[in-house]
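Let me put the thing up on the screen, and then I'll walk you through a few helices.

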Amino acid sequence: MKKKIAILGSTGSIGRATLEVIENQKNVFEVFSLVCKGNTALLNEQIDKFKPKYVCIYDEFLKGKVRFDRKRLLTGINGINEMIGMEADIVVNAMPGSIGLEPTISALKANKILALANKESLVMAGRIVSKLLKTHGSKLIPVDSEHSAIFQIMKKVRRHEMKAITITASGGPFRGHGKTALMDVKPEEALNHPTWKMGKKVTLDSATLMNKGLEVIEARWLFDIKPEYIRVLVHPESIIHGMIECTDGALIAYMAHPDMKIPISFAINQGKIRSLPSVRLNLEDLHKLTFYSPDMDKFPSLRLAFDALHAGDSALVTLNASNEVASEAFIDGRIRFTDIPVFIEQALECHPALPVVDDTETIWEIHNWAKKYTEEIIKGSGAGGRLSV
């Protein structure tokens, strides 16, 4: 019997790649449901091609543009949660940003196999997600190539044999820029990644290195590892995705062509490797592999992520929310590229210092405060004020 898959964020880069994998492995999988934030034109094409049983459009005002049976067309976050509770075996959460948190929690509570591409779920609520995995019959398999790499290596290495993990970063489009040159970066330049084809949010986060900071936070919760044992290396070729340093001094690395279909296939196949028409990695074509430490002075967002990890749960929520607001302001042309980490740091300086947050109500309260605070300081309307929780 084919496994039924619900794809949240079907029109984004991960969603589209997931559908390509399913099309290639149609004897194993079928598309049970699709969720789209707003790209109704592409959603309609996907509906015609994959014939899902249910569809959900996040923006309910776009419902009229979706060509689908109204009895099986859902809307909003409630529609997503309802869909997750249906008979899909696997949920691929590729929703962008903080809106992906609630579907992650719903999938885990419904004992689904969760292929997680939404970083914010673990950044905002890593403690809650970890607890749900221990108390429910659900399973989480990471989709990010770096975490998939570590996940796969850890299947071969015992915990007591591990010393540290390393995740790699391409360095983004501005790795060769000087610090001063970054002040003049335009949104269209920041949204042009040299290696990966991704959505706007994750592409910009890659340019600021915040994406790598969020991945460090993800790794802390996914692998239950202390921040001081998580390292980041800039690796422009994007061939080695992750490494584990063993206690005997050896390094075990995972290498693959930079193609998201590889970790997606691994995740939806629950840790099994299936054939893919991916580009073969020819080592003889690689004249060299380059590695160097990230410049956290030039790209302070990565430093802020490590700082937030050490500060505790409320700082992580604040970091994520403030980054969402500041990133959007840059894309809209309201602030400079180099202003993004400045506003995030200001929000972190005023956030409510709660080392442990283990309920979603408090998470959303901090999240909403941080978004409002960051918007206010961007508008120049004053310090906004601290939040008391």
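Let's start with a cysteine: is Cys350 buried or exposed? Keep in mind that this is a predicted model. Cys350 has a relative accessible area of 17%, and the cut-off for buried is under 20%, so Cys350 counts as buried. Cys246 is buried too, at 9% relative accessibility. As for disulfides, with sulfur pairs needing to sit within 2.5 Å, the count comes to zero.

Now, Cys350 belongs to the buried set of helix α13. That set also takes in Asp339, Ile340, Pro341, Phe343, Ile344, Ala347 and Leu348. If you like the geometric reason for such spacing, residues three or four places apart point the same way because an α-helix has 3.6 residues a turn.

What do the buried residues of α13 pack against? Their partners are α8 (200–208), α9 (210–222), α11 (300–311), α12 (313–331) and α14 (360–379).

Two of those partners, α12 and α14, also meet each other. Their axes come within 8 Å and cross at roughly 40 degrees. That angle makes α12 oblique to α14, and the crossing is right-handed. On the α12 side, the contact residues include Val317, Ala321 and Val325. Over on α14, you'll find Ile363, Trp369 and Ile378 among them.

That's my tour, so over to you.

Key. Residues are numbered from 1 along each chain as its sequence is written. This is a predicted model: local features need pLDDT of at least 70, side-chain atom pairs count only at pLDDT 80 or more; totals for chains, interfaces and linings use all residues. Side-chain values use heavy atoms; hydrogens and water are left out. Buried means under 20% relative accessible area, exposed over 50%, partly exposed in between (1.4 Å probe, protein chains only). Helices (H or I, at least four residues) and strands (E, at least two) are DSSP runs, numbered from the N terminus. Contact means heavy atoms within 4.5 Å. Axes are lines fitted to C-alpha atoms, for helices over the stretch in contact, and angles run from 0 to 180 degrees between N-to-C directions. Angles under 35 degrees count as roughly parallel, over 145 as roughly antiparallel, 65 to 115 as roughly perpendicular and the rest as oblique. A crossing is left-handed if the near helix is turned anticlockwise from the far one by less than a right angle, and right-handed if clockwise.
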